[in-house]
Amino acid sequence: MKRADDLLLALQRYSNPSRAGQMEQYMKNRFPFIGVDATERREALKSFNQSNPWHPDMNELRAFVLSCWELPWREMHYCGQEELYRHRKHWGATILPLFEHLITNQSWWDSVDYIASKILGHHFQKHPGQIRPAVSKWLKGQNMWLLRCSLLFQLKHKTQTDEALLAELVEKLASHHDFFIRKAIGWALREYGKTNPEFVLNIVSQLEMSGLSKREATRLLNKYS
């Protein structure tokens with residue numbers, strides 16, 4: 001898509017090969033980087049949008065995001081997901097498969113966590129009837145990144161958190177072998193512990209879970225209990 005190609009050219013003006021190498025190393029060399037840090041990237045994206053204003057419909061937005069995702073450079077993936085969230089008023093009830101595609105392609109914790117907490121979190125608050133069917137499908141499919149999303153999409157929901165669902169997911173995934181799932185369990189519980197520390201304390205005391213999950217879950221409990 002031309003807009004994605006033009007945005008890539010705009011980002012490449014900020015290219016820093018030395019920084020790119022550091023960013024690639026930090027991300028375990030899973031993606032090539034242009035070498036644009038977060039502040040510069042957001043400034044470049046804002047400037048690009050000001051110079052190239054657009055008001056996409058859902059099909060145009062989808063095409064743009066997928067074009068960003070097809071490119072190898074990680075900064076383009078960041079721009080794609082940020083533009084997707086910026087235009088969230090255009091989302092409809094049928095957009096979930098796009099989110100699942102982004103989660104399961106070009107996957108690593110940085111993009112997955114943004115999509116889980118901001119994009120899925122917002123979408124599911126608008127369409128709560130989709131939560132249980134989606135999570136059930138993800139549990140059956142056992143894609144690690146979708147499982148992580150099932151734990152993290154409620155990070156910002158605070159008092160609107162579905163406690164029963166969170167407890168159910170923690171119980172089902174507590175014995176999972178993967179670091180990213182164990183870490184997500186702890187993160188989800190730690191974050192909700194700011195709202196309801198007693199709930200988190202009860203889960204941690206009643207369930208067998210990894211030391212990593214337990215440490216992450218209880219790290220701030222004294223502050224909020």
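User: Hi! Before we get to distances, where do the domain bounds come from?
Analyst: Hello! The bounds come from an automatic or database domain assignment. Keep in mind that this is a predicted model.

User: Thanks. Which residues belong to domain 1 and which to domain 2?
Analyst: The assignment gives 1-90 as domain 1 and 98-224 as domain 2.

User: And how far apart are their C-alpha centres?
Analyst: Those centres are separated by 27 Å. As for the contact, domain 1 brings 20 residues to it and domain 2 brings 16 residues.

User: How much area do the two domains bury between them?
Analyst: About 1,600 Å², with 69% of that on carbon and sulfur atoms.

User: Which residues in domain 1 lose the most area to domain 2?
Analyst: That would be Trp69, Gln81 and Tyr85, which together make up 36% of what the domain 1 side buries.

User: Okay, and what is the N to O distance for Asp110 and Arg74?
Analyst: Their side chains meet in a salt bridge at 2.6 Å.

User: Which helix gives the most to the domain 1 side?
Analyst: α5 does, with 7 residues. Both α4 (58-70) and α5 (74-86) supply at least two residues of the side that touches domain 2.

Key: Residues are numbered from 1 along each chain as its sequence is written. This is a predicted model: local features need pLDDT of at least 70, side-chain atom pairs count only at pLDDT 80 or more; totals for chains, interfaces and linings use all residues. Side-chain values use heavy atoms; hydrogens and water are left out. Contact means heavy atoms within 4.5 Å. Buried area is the accessible area (1.4 Å probe) that two parts lose on being put together, summed over both. A salt bridge is a side-chain nitrogen of Lys or Arg within 4 Å of a carboxyl oxygen of Asp or Glu. Helices (H or I, at least four residues) and strands (E, at least two) are DSSP runs, numbered from the N terminus.
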